[in-house]
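Hi everyone, thanks for coming. Please bring up the structure on your screens, and I'll walk you through a few parts of it.

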Amino acid sequence: MKPLVEIRGLRKSYWRGATEIPVLANLDLSIRRGEFVALMGPSGSGKSTLLNLIAGIDRPTAGSLRIDDREIAELSEGELDRWRNRSIGFVFQFYNLVPVLTAQENVEVPLLLWPLSRDERRERARTALRVVGLEPRLDHRPGQLSGGEQQRVAIARALVTDPVLVLADEPTGDLDTQSARDVLGLMQALHRAGKTFAMVTHDPRAAACASRLVRLEKGRLVEDAA
Amino acid sequence: MRWLSPAAALLALAWRQLVRSPRRTVLTFTGLVISFFLYTALESVLYTLESVVERTASQTAIFSRASGRGGFFRAALPMRYVEQVRQVPGIVAASPVRFYFGRGRDEGSFAVALGVEPESYLQVRDLAVTPMEAAAFVKDRAGALVGHGLLESNGWRVGEKVTIRGAGRLPSLAFTIVGAIASDDRLGRVALVHLDYLEDVIGNAGRVSFIQARVADSGIAAAAARAVDARFASLAVPTETTTERAHLAMVLSNLSGVLAALRAVGGLTLFITVLVVGNSVAMSIRERTVEIGTLRALGFGRGRVLGLVVAESVFVAALGGAAGALLAYAALEGGLLQLPARIGFTLGSDVSVVLRAALLALPVGLLAALQPAWSAVRRPIQDALRAAD
């Protein structure tokens, strides 16, 4: 079976004036459907850049990046926007919820780009919040929720479009131990239910929840262990 | 029609963003209200001055004054011309008019009297007075018909004997008010007195400021004006005759500098408004850098995010603009805003002026938001998301 994410000879460089700063060098990596991959590495190792490239919010300098059998680098900006909306779920370190919207409205945000009626949108958001155990708090705004609850709302937002891949960037980095454990437990449960996760983390305890550990250093893959 | 639901939800999101920082929204809104109040008031001044020709100029009135004799207000035209003007074919009536300038009750006030021949003047000019008042004016040599505005600004009443103190070395002019000229008449701020009575007071009889005449038909007004000038062309005091429309346009052309200045102030007001609203939008966008990056990551295209931010700005500008324009209209209609009495015109507005000002709020909101919004959506998504770190 073809992998969900297939990366071959991926390079990413930034330019400071005439000086090239390589971030990722000839990276090869595959992620199968249903995997929970933890990306680890020291600061500047290129793990966040890799996550951004997989998410389609940054473009590679060279190489191939196929996700769900589509070459991401070949998509136009508009196609990439639509693809991200349909195929990728995001979980950010600081949750990135809209403070003036309720939990349910925040979860609805990605669905605003879908041709759904208001009732359909609400029903889907409610279901996603039920999955993360926050249905009783759907009318609360982010400011009225704890950090762990906000992150669960963000996970519900990432799930509501039923994406093929959920990308999490330090999802427990802003949480206390108990909340971090709850969030990781939720991600594990979703993984067991068949969701594919790629998570950047510094936290070994978070990485231990994943089914596979990929370690990067200076833009190169130095460890890949199941 | 399914797109309607997401579109409405996006508009709702734009609205929610406005109440995110109520103080900033209220301050921006207040600034917009004040700006559009001022802009509408200035536009109304321009409208009043520019429309006065259309609104008040008679199609059948012509004015003759001494050509090249130091202006319209000087009494330079021989009185004997009046009779000769009456004989020009097409002219049905003519009356001499002489200016008198002075001060009313208050030291700084400004009062104008026109010395006229009552019977002939009532033939050349349809005055906004009752027949009884017109008859009283004809009968009483020391009587005067006084414009409603002049009465109000001096606290005078019909039946009262009052005095205008002459400007410069002119002697004072006392008269009895026998009638009030309605405020919507262009003579709403002058006093009409008998010419012979005025001449008795100030001397220099036999000269008038201008001759006002009425022609039988509007189609021959220009030809009659030319015929009048032809009659006096070879004399020591030739005339310069125009239709009332052209005469008023000429008076207004003397105000062209004022009009241009008013236009410039109006334009400047809008420009400053764009800057103020633009600054407010830029602050709001800066605070939401991560949020905009998140929306972009979730699949919202540049255009859609741009639309969201611009919609917020246009929405608040439209509300502020409409409120400011309507307040100005209410103030003008309620008489709270007025031109100085010496201008001689009652300030008014029109729904078209208010509507135009309110509609201008839309491009103001658009222009204010465009640059900061465009900068925000052009920022790479990963950079915007990093702003949270």
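In what order do the 4 strands of the open antiparallel sheet in chain A run? The order is S2-S1-S4-S5, and the pairing is antiparallel. Before I go on, a word on what you're looking at: this is a predicted model, where local features need pLDDT of at least 70 and side-chain atom pairs count only at pLDDT 80 or more, while totals for chains, interfaces and linings use all residues. Residues are numbered from 1 along each chain as its sequence is written, and chains are lettered from A and ligands numbered from 1 in the order in which they are written.

A quick note on names: helices (H or I, at least four residues) and strands (E, at least two) are DSSP runs, numbered from the N terminus. Two strands pair if DSSP finds at least two bridges between them.

Strand S1 (residues 5-16) of chain A pairs with S2(A) over 9 bridges, in the antiparallel sense. If you'd like one pair to look at, A:Trp15 has A:Glu20 in S2(A) as its bridge partner. Now find H1(A), which lies across S1, S2 and strand S4 (62-67) of chain A and runs at about 115° to S1(A). That angle is between N-to-C directions, on a scale from 0 to 180 degrees, with axes fitted to C-alpha atoms, for helices over the stretch in contact. Contact here means that C-beta atoms, placed from the backbone, lie within 7 Å.

Chain A has another open sheet, of 6 strands in the order S6-S7-S8-S3-S9-S10, with mixed pairing. Its edge strands are strand S6 (88-91) and strand S10 (220-225) of chain A, each pairing on one side only. From one strand to the next, the twist averages 20°. Inside this sheet, strand S7 (residues 165-169) and strand S8 (residues 197-200) of chain A run parallel, joined by 4 bridges. There, A:Val166 has A:Phe197 in S8(A) as its bridge partner.

Next, the inside. A nonpolar core is a set of buried Ala, Val, Leu, Ile, Met, Phe, Trp, Tyr and Cys residues joined through C-beta atoms within 7 Å. Buried means 20 or more other C-beta atoms within 10 Å of a residue's own, exposed means 12 or fewer, and partly exposed is in between, with C-beta atoms placed from the backbone. The largest core has 115 residues, and A:Leu167 is one of those with the most contacts inside it. Helix H13 (residues 351-378) of chain B gives the most to this core, 13 residues.

Is A:Leu111 buried or exposed? A:Leu111 counts as buried because it has 24 C-beta neighbours inside 10 Å. You'll find A:Leu111 in the loop between helix H3 (103-108) and helix H4 (118-131) of chain A. By contrast, A:His202, in the loop between S8 and helix H7 (204-208) of chain A, is partly exposed, because 14 other C-beta atoms lie within 10 Å.

Last stop, the interface. Here 23 residues of chain A are in contact with 20 residues of chain B. On the chain A side, H2(A) gives the most, with 5 residues.

Methods. Two residues are in contact if their C-beta atoms, placed from the backbone, lie within 7 Å.
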